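User: I am new to this structure and would like to learn how to read its side-chain links. Could you take me through them step by step?

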Amino acid sequence: MRFLVLFTLVFAWQHAHAEVYKCTGKDGKTVYQSKPCQTAAKAEQLDIQADPEVEAAAKAKREALESEYDAKKAAKLETERREAILRNQTESAAALKQSAIAHQQQVEAQQRQAAALERQAQQGANPVMIVAPPVVLPAPTVPQAR
């Protein structure tokens, strides 16, 4: 932006102080140039004076354009800043949601584990008695006397 302003000022200064020559050729064509006429039927140096009112108007217009540009640039930066904040909030919300889902899954896994341990404890509290099948013993033999 500063380069543009500098370029405009240099350009305006050169035009304000430039010499202009009006050259009319033998064929009747009129040419305006910044160098003196070489081969012309008629040569005339024009006296161009800068008009302070026109220069002031041009300067005011340039300043208005610069301030408009600066305002647009500031508005764009503000919009980008707000978009970045919104994007960060959205990402944070998504991360919190993922964290909550993982936490819920962990709680459910712990509840399943607790239920399994409770079932094991209940099975241990009711002892199972295993009864062996009855054994038939042979009848006792009495020894006979001889």
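Analyst: Let us begin with a definition: a salt bridge is a side-chain nitrogen of Lys or Arg within 4 Å of a carboxyl oxygen of Asp or Glu. The general idea is that side chains of opposite charge can pair when their charged atoms come close. In this structure, Glu78, Arg81 and Arg82 are linked in a network of such salt bridges. This is a predicted model, in which local features need pLDDT of at least 70 and side-chain atom pairs count only at pLDDT 80 or more, while totals for chains, interfaces and linings use all residues. Residues are numbered from 1 along each chain as its sequence is written, and side-chain values use heavy atoms, with hydrogens and water left out.

User: How many salt bridges does a search of the whole structure find?

Analyst: The search finds four. In one of them the side chains of Arg82 and Glu78 meet, at 3.0 Å from N to O; in another, Lys72 pairs with Glu68, the closest N and O atoms being 3.4 Å apart. Glu66 also forms a salt bridge with Arg62, where the closest N and O atoms are 3.6 Å apart.

User: Where in the chain do Glu66 and Arg62 lie?

Analyst: Helices (H or I, at least four residues) and strands (E, at least two) are DSSP runs, numbered from the N terminus. Glu66 and Arg62 are both in helix α2, residues 52-125, and because they are four residues apart there, about one helical turn separates them. The spacing of Lys72 and Glu68 in helix α2 is likewise four residues, or about one helical turn, and Arg82 and Glu78 are also four residues apart in helix α2.

User: Which residues form a disulfide?

Analyst: A disulfide is a pair of cysteine sulfur atoms within 2.5 Å. The structure holds one, formed by Cys23 and Cys37, whose sulfur atoms are 1.6 Å apart. This pair links distant parts of the chain, 14 residues apart: Cys23 is in strand β1 (residues 20-24), and Cys37 is in the loop between β2 (30-33) and β3 (42-46). The link is left-handed, with -90° about the S-S bond. Cys23 is buried, with a relative accessible area of 8%, and Cys37 counts as buried at 19%.

How values were computed:
Buried means under 20% relative accessible area, exposed over 50%, partly exposed in between (1.4 Å probe, protein chains only).
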